[in-house]
Amino acid sequence: MAWQNPEAFWALALVAVPIAIHFLRKHRSARVPFPSLRFVQRSHAAAVRMRNLSDWLLLAVRVATLGLAISALAGPIVLTPSRLDAWDRRMARAVVVDTSESMRMAGEGGEPAAQAADEAADKELGGATFTRHFQATDLGDGMARAIAWLKTTPPSRREVVLISDFHRGAFDDGAAARVRPDVGLRLVAVGRPGEKRRIAGAELLGVDDESSRAETIELTADATVVTLHASAHPAARGLRFVLPPNSADAAGAILRSIARAGAPAGSAEEPIVFRFADAPPVSVTAIASPWMVRTVFGMIDDPALQAESDASQSRSLDRTDPWIVLANDRDRKPMLRAAAAGGELIFDVAARPETLFAASVVRAALVAHAAARRDEDEQEIAPIDRQRLLAWNRPSPPLGNVSPDVLRRVESSDARWLWAVVVILLACEQWLRARTTRTDVEAQRVAA
Amino acid sequence: MHAPSVLDPKLLTSLGDLELVARVTVDGASSGLHESPFHGYSAEFHQYRHYRPGDDLKYVDWKLFARTDRFYTKQYQETANLVAQVVVDASRSMAFDGSARVSKLAYARVMAAALAHLIASQGDAVGLAIYDEAIREYVPSRSGQTHLRRVLAALSKMEASGRTSAAAALRRAVDLLKRRGLVLIISDLYDEDDVERELKRAVRIGHEVALFHVLTREELEFPYGGEVELEDLESGQTRLAGPGARTSYRREFAEFLERWRTRCARYRIDYTRMLTDASLDTALRGYLLRRVGSGAR
């Protein structure tokens, strides 16, 4: 026998109550002399007093009734071999379907992988006892939700089925390790991308005599070819500089230098402003736009910024201060911080525009901004090797030892049998009490 | 603040002088009664004798003194027309006093004394039978003040003891009455077995029977709302009564009272119910008024 709610047994302490009441009652009631008991009916509660064997029996029945009722509340489950076998024959299956951008791209046959994924999902959902369908653009997130649901399913074998095109980067050993050992895993690959894919790459910054360039990326299974060509778009769009006095040329110098090093162009829809040391102050608010957040946090690990700032830099996220501090100097004074001003992302650089740090900041911001706008992983054309996919597969194990986690998921306990016995005992208690009363009435009649 | 009534049962029953108590009770009960409820004193002149020191001066014939210059005392032959037997239940159940702090026995004692006094003052004969399981004390019916004092003395010594067996005692008390008379029974009447038969027999014989049913307020109302363990005063048995016992008790006790009322009505027995927290004169007066009204002698 196992118990779903063993903590209910604390209530067994209540069994002491009828016993205590019995012993206390004998001394608690005041004894009052009365001329004749002819017309006085015995109290039902008097059955608790231990005058004879039937009272002992009554107390025993009551204690047993209370004990069994508490046991029923504890959720008893009889673990017979047949019951465990039945649980093992059941399957709880969470089907996670990849709905990322790559699944919507046309594949080899001209049709997107999403269609094949839906068909595969229907097939998987029809073949198990308990099923749930999850959609996720990120397989890791989908898996986490699937595993959370599997924790709530009734006792059964459990598995997660991932349906995806499994392009390179979509799944890895780390993701497979996050699946619990008591949950099976199956990876179902669907769709087949074409032999090559051509996508638009980044637009590169061009300033003055440096013309803007745009990338075209051609992906094949074995190689990635990037072609640069002139772009018709204006250069340095979406960029603005707040400069100190007598630094009019500094902006141009920065742009020229980073353009030569290669930097993405900005975006007119997502403008970025750079304010340098000694420049007029700007009024700011806290960052709220997602593209600003992605850009700012994309800069955190930029190696160029790390090299320029002190190794002890810290990001300050003081909630009262709209500025996000990205780097500090040795004296812990902010060197770089970010905030918003209307629809613009403001970077406050504690350096003059002529410095190398200033140029590094501008380039890092443009790189982070461009990366945040495009999920290049989804453009990957090469799939994960099939053998590798198969290696990640593992069958759902049998239930084995029944843990408290399994017990809590049992749909219904065997409490109903105990409740049936409780009802029978209550009937016995009624009968015993009535018999005691009848005996008293008879005795009274005889005495009279 | 007003002085407690001299007829307050608690006060009266606490007085040691039963003769005084009886007289006060009778005075209170019979005030305003223009007729005597019992047969009046009837005495016939019997003879003269010489005055002896100590004779009551009211019996000196002054007219004869005026004629003879000698003192002569009149002697009368007393004629008692009524023989009465006061029968008092002195079983243990009569010891119950309740919240009034006046036991049924004390109440019965004063009532018996008052009745005896009233009867004796009318010149009639009165006797006493005290019973529990059997007659415990018996004073035969006689007239006169001296005899009355014997009766009052027996009542003064009366204590509650033993269980009740009224039928046998009643039979004996009735048999001890040599001629038709008045039987006054003072009891809580819990013992119903065969009592009806004895009462019926007493009435058939020709006695006039009056029943004084003494009860406490607690017996009538059963004021115990919670759980209480009750001990029978006679048997010593105990019983635990719960909150629901009151309703059934009141119902059954009302039926018990109704049975006695019906019995008494059937056999033309005067039935007076007395509660120990009610003034003694009120209870007695009701009986006396009925007796006067019925013309009974």
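In this predicted model, helix α6 (residues 166–176) of chain B packs against helix α7 (residues 195–205) of chain B at an angle of about 15°, their axes lying 8 Å apart. The angle puts α6(B) roughly parallel to α7(B), a label given to angles under 35 degrees, while those over 145 count as roughly antiparallel, 65 to 115 as roughly perpendicular and the rest as oblique. Helices here are DSSP runs of H or I with at least four residues, strands are runs of E with at least two, and both are numbered from the N terminus. Axes are lines fitted to C-alpha atoms, for helices over the stretch in contact, and angles run from 0 to 180 degrees between N-to-C directions. The crossing of α6(B) with α7(B) is left-handed (the near helix is turned anticlockwise from the far one by less than a right angle; clockwise would be right-handed).

On the α6(B) side, the contact (heavy atoms within 4.5 Å) includes B:Ala166, B:Leu170 and B:Val174, and on the α7(B) side B:Leu199, B:Ala202 and B:Ile205 are among the residues involved. Sorted by class, this contact holds eight nonpolar, no polar and four charged residues. For that sorting, Ala, Val, Leu, Ile, Met, Phe, Trp, Tyr, Cys and Pro are nonpolar, Asp, Glu, Lys and Arg are charged, and the others, Gly among them, are polar.

The contact of α4(B) with α5(B) splits into eight nonpolar, three polar and one charged.

Turning to the sheets, chain B has an open one of six strands in the order β5-β4-β3-β6-β7-β10, with mixed pairing; strands pair if DSSP finds at least two bridges between them. At the edges stand β5 (135–142) and β10 (270–275) of chain B, each with a single partner strand, so one side of each has no neighbour in the sheet. Neighbouring strands are turned by 15° against each other on average, direction ignored. Inside this sheet, β3 (residues 83–89) and β6 (residues 182–187) of chain B run parallel and are joined by five bridges, with B:Gln85 partnered by B:Val183. Helix α5 (residues 145–157) of chain B packs on the sheet, touching β3, β4 (125–131) and β5, and its direction makes about 165° with that of β5(B). Helix α9 (residues 245–266) of chain B also packs on the sheet, touching β7 (208–215) and β10.

Another open sheet draws on both chains, with three strands in the order β2(A)-β8(B)-β9(B) and mixed pairing. Its twist averages 35° from one strand to the next. Four bridges join β2(A) to β8 (residues 228–232) of chain B, and the two run parallel; A:Phe34 has B:Asp232 as its bridge partner.

In one of them, A:Arg186 meets A:Glu124 at 2.5 Å, N to O. This pair links distant parts of the chain, 62 residues apart: A:Arg186 is in strand β7 (residues 184–189) and A:Glu124 in helix α5 (residues 113–125), both of chain A.

Residues are numbered from 1 along each chain as its sequence is written, and chains are lettered from A and ligands numbered from 1 in the order in which they are written. Local features of this predicted model need pLDDT of at least 70, side-chain atom pairs count only at pLDDT 80 or more, and totals for chains, interfaces and linings use all residues, while side-chain values use heavy atoms, with hydrogens and water left out.

Terms used
A salt bridge is a side-chain nitrogen of Lys or Arg within 4 Å of a carboxyl oxygen of Asp or Glu.
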